[in-house]
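How do you read a protein model step by step? Start with one simple test, then walk along the chain.

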Amino acid sequence: MVSPRSRANGCGTDAPGDHTDHPALLRLGVPRRVGVKVSRATRTAVYERDDWTCHICRLPTRTDRGTGDPWAPSLDHLTPRIRGGGNTVEEMRTAHNWCNTIRGTEPLGDEVPVWAVGGPPESWKQSRAVVAERMTGAAA
Ligand SMILES: [Zn+2]
């Protein structure tokens with residue numbers, strides 16, 4: 001069934017459906033969305049293997065401050081999901097929420113990145129100041 005809204009998606013065809021399988025998109029190699037669901041068991045297996053330690057700044061994560069905290073553990077994908085990385089234990093590492101977020105999809109070298117030395121700030125609000133300080137080598 002063709003809904004009146006199918007023209008509103010900007011692809012300019014009259015084909016029915018949501019157009020995620022539109023040939024133009026498939027030709028461009030637009031990746032299918034990969035689910036973000038990771039089971040609790042997989043999550044715990046990654047954290048325990050890594051001894052609850054962040055692989056970016058190499059400091060322990062904290063579970064006593066809530067899951068949204070900069071110091072809370074999160075799963076970091078070795079290969080970003082957008083480049084086809086999977087959700088298996090082997091393909092993930094433990095990272096602080098903050099380190100994971102600041103790093104984005106930048107590849108890691110052998111050294112702790114200069115912005116990550118010392119671990120996350122006490123609050124997200126301090127992120128910008130802390131990163132700027134570390135990058136410029138300014139004293140606290
Ligand atoms: Zn960290």
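The model here is a predicted one.

Is Arg-65 buried or exposed? Arg-65 has 12 other C-beta atoms within 10 Å, so Arg-65 is exposed. Look at where Arg-65 sits: in the loop between helix H2 (40-49) and strand E1 (73-77). Arg-65 still has contacts. Leaving aside neighbours within four places in sequence, Arg-65 touches Trp-71 and Ala-72.

Now step back to the whole chain. The protein chain holds 4 helices and 2 strands. Along the sequence, the pattern reads α-α-β-β-α-α. Of the 140 residues, 18% count as buried. What about contacts between residues at least 6 apart in sequence? Of these, 50% join residues at least 24 apart.

Next come the strands. E1 and E2 run antiparallel, and 5 bridges join them. Find His-77: this residue stands opposite Met-92 in E2. E2 has two sets of residues. Met-92, Thr-94 and His-96 point one way. Arg-93 and Ala-95 point the other way. Residues in both sets are buried.

Ala-95 leads us to the core. Nonpolar side chains tend to be buried together in soluble globular proteins. Which residues make up the largest nonpolar core here? There are 8 in all: Cys-54, Ile-56, Cys-57, Ala-95, Trp-98, Cys-99, Ile-102 and Ala-116. Helix H3 (residues 97-103) gives the most to this core, with 3 residues. Apart from neighbours within four places in sequence, Ala-116 is in contact with Ile-56, Cys-57 and Cys-99.

Finish with helix H4, residues 127-136. How many of the 10 residues in H4 are buried? The count is 1, and the helix is hardly covered. Just after H4 comes Gly-137, which takes a positive phi of about 70 degrees.

Go back over the model with these places in view. Arg-65 is exposed. The residues of E2 are buried. Ala-95 belongs to both E2 and the largest nonpolar core.

Terms used. Residues numbered from 1 in each chain as written. Predicted model: local features only at pLDDT ≥ 70, side-chain atom pairs only at ≥ 80, totals over all residues. Buried ≥ 20, exposed ≤ 12 C-beta atoms within 10 Å, placed from the backbone. Contact = placed C-beta atoms within 7 Å. Core = buried A, V, L, I, M, F, W, Y, C linked by C-beta atoms within 7 Å. Pairing = 2+ DSSP bridges.
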